[in-house]
Amino acid sequence: EYMGLHTKMVVKEFGWEKDISVDFSLNDALSFVIRLNNTKETRNKTVSSLLQIFATENFIGPLTKKKTQQIFEICSRYDNESKKELELDGEEVTFGIRFPFLLLLSNQLLKHITPETDDFDDKMWKMRSDFIHQKCLQSPVFSLKKTLTNLIQSITTQTETHKQFDSPEINLEIGLIHSFYHSYDKSLFFFEKASKLLELSVSLTGVMSKRMKYQQHDRATLHVAIK
């Protein structure tokens, strides 16, 4: 039902029930959607739903074909062209990616957002869209890494001066990006910061326990203690 609501919102916002012609080229379709989402509130709401559907179909699951049938029928027109447009620095889109048109739409709606943009939410959605784009490519891309690094620097500067922007979720997201690019010291910093904000204590310890079904005696076992 949750995905059904996202699908209805996207179809309604884009006017896809009747307004996108089968004869639209990819650029015409992109321009049409951008014109419909010319305010911050509409744009970010749309990007949120686009990325939610895209992530569910490709990473999170389960597949929601019945609830996204209307979008699937439109996206299928632009599959190959969208994958080509998403290629970056010679890296192709990973085989099996579904609905690439949705990610391309998200990227296009946020293409004007830069690390110098003042609005915090805009930069967060730009960071999320770019990282999902990176996850769809066969290998890490320098240009995306540079953009994400600059966005993270700008976002963390704002969270330091405006504490209302700081949250466990934001720190976890930033930590995951650093981890993807093998910057493990930086990722650990943000993961620990998220734990602190949650007042969560995680440590490794040892306990005596049975690890296997037919084990008769307790053995020393590595244990993750969470408080």
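Helices (H or I, at least four residues) and strands (E, at least two) are DSSP runs, numbered from the N terminus. Keep that in mind for the element names.

Now the ground rules. This is a predicted model, where local features need pLDDT of at least 70 and side-chain atom pairs count only at pLDDT 80 or more, while totals for chains, interfaces and linings use all residues. Residues are numbered from 1 along each chain as its sequence is written, and side-chain values use heavy atoms, with hydrogens and water left out.

Let me start with the nonpolar patch. Leu-198, Leu-200, Val-202, Leu-204, Leu-222, Val-224 and Ile-226 make a nonpolar surface patch of about 700 Å². The rule for patches: residues with over 30% relative accessible area and no salt bridge, with like charges joined within 9 Å and nonpolar side chains (Val, Leu, Ile, Met, Phe, Trp, Tyr) within 5 Å. Accessible areas come from the Shrake-Rupley method with a 1.4 Å probe, and for residues only the protein chains shown count as cover. Where does Leu-198 lie? Leu-198 is in the loop between helix H10 (184–197) and E1. Strand E1 (202–209) and strand E2 (219–226) each supply at least two residues of the patch. E2 gives the most, with three residues.

Next, helix H6. Nine of the ten residues of H6 are buried, so the helix is largely enclosed by the rest of the structure. Buried means under 20% relative accessible area, exposed over 50%, partly exposed in between (1.4 Å probe, protein chains only). The buried residues of H6 include Pro-100, Phe-101, Ser-106 and Asn-107.

A pair of aromatic rings is described by the distance of the centres and the angle of the planes. Rings of Phe, Tyr and Trp (its six-membered ring) pair if their centres lie within 6.5 Å; planes under 30 degrees apart count as stacked, over 60 as edge-to-face and the rest as tilted. How many aromatic pairs does the structure hold? It holds five aromatic pairs.

One of them is Tyr-78 with Phe-101. The ring centres of Tyr-78 and Phe-101 are 4.8 Å apart and the planes stand at 35°, so this pair is tilted. Tyr-78 sits in the loop between helix H4 (69–75) and helix H5 (79–86), and Phe-101 in helix H6 (residues 100–109), so the pair ties together parts 23 residues apart in sequence. Tyr-78 is buried at 2% relative accessible area. Phe-101 is buried too, at 0%.

Another pair is Phe-131 with Phe-180. Their geometry is edge-to-face: 5.7 Å centre to centre, 85° between the planes. This pair links distant parts of the chain, with Phe-131 in helix H7 (residues 120–135) and Phe-180 in helix H9 (residues 168–180), 49 residues apart. Phe-131 is buried, with a relative accessible area of 14%. Phe-180 is partly exposed, at 23%. Ring pairs link Phe-131, Phe-180 and Tyr-181 into a cluster.

Stay on H7 for Arg-128. Arg-128 is found in helix H7 and is partly exposed at 22% relative accessibility. The charged end of Arg-128 sits over the ring of Trp-125, 4.5 Å from its centre. The test here is NZ of Lys or CZ of Arg within 6 Å of the ring centre and within 35 degrees of the ring normal. Which residues does Arg-128 touch, not counting residues up to four places away in sequence? Arg-128 touches Leu-51 and Glu-173; contact means heavy atoms within 4.5 Å.

Last, salt bridges. A salt bridge is a side-chain nitrogen of Lys or Arg within 4 Å of a carboxyl oxygen of Asp or Glu. The count comes to eight salt bridges.

Asp-122 and Arg-43 form one of them, at 2.9 Å, N to O. Asp-122 lies in helix H7 and Arg-43 in helix H3 (residues 40–60), 79 residues apart. Both Asp-122 and Arg-43 are buried.

Arg-98 bridges to Glu-57, with the closest N and O atoms 2.8 Å apart. Arg-98 lies in the loop between H5 and H6 and Glu-57 in helix H3, so the pair ties together parts 41 residues apart in sequence. Arg-98 is partly exposed at 24%, whereas Glu-57 is buried at 4%. The charged end of Arg-98 also sits over the ring of Phe-99, 5.1 Å from its centre.

Asp-130 and Lys-126 meet at 3.6 Å, N to O. Both lie in helix H7, four residues apart, about one turn of the helix.
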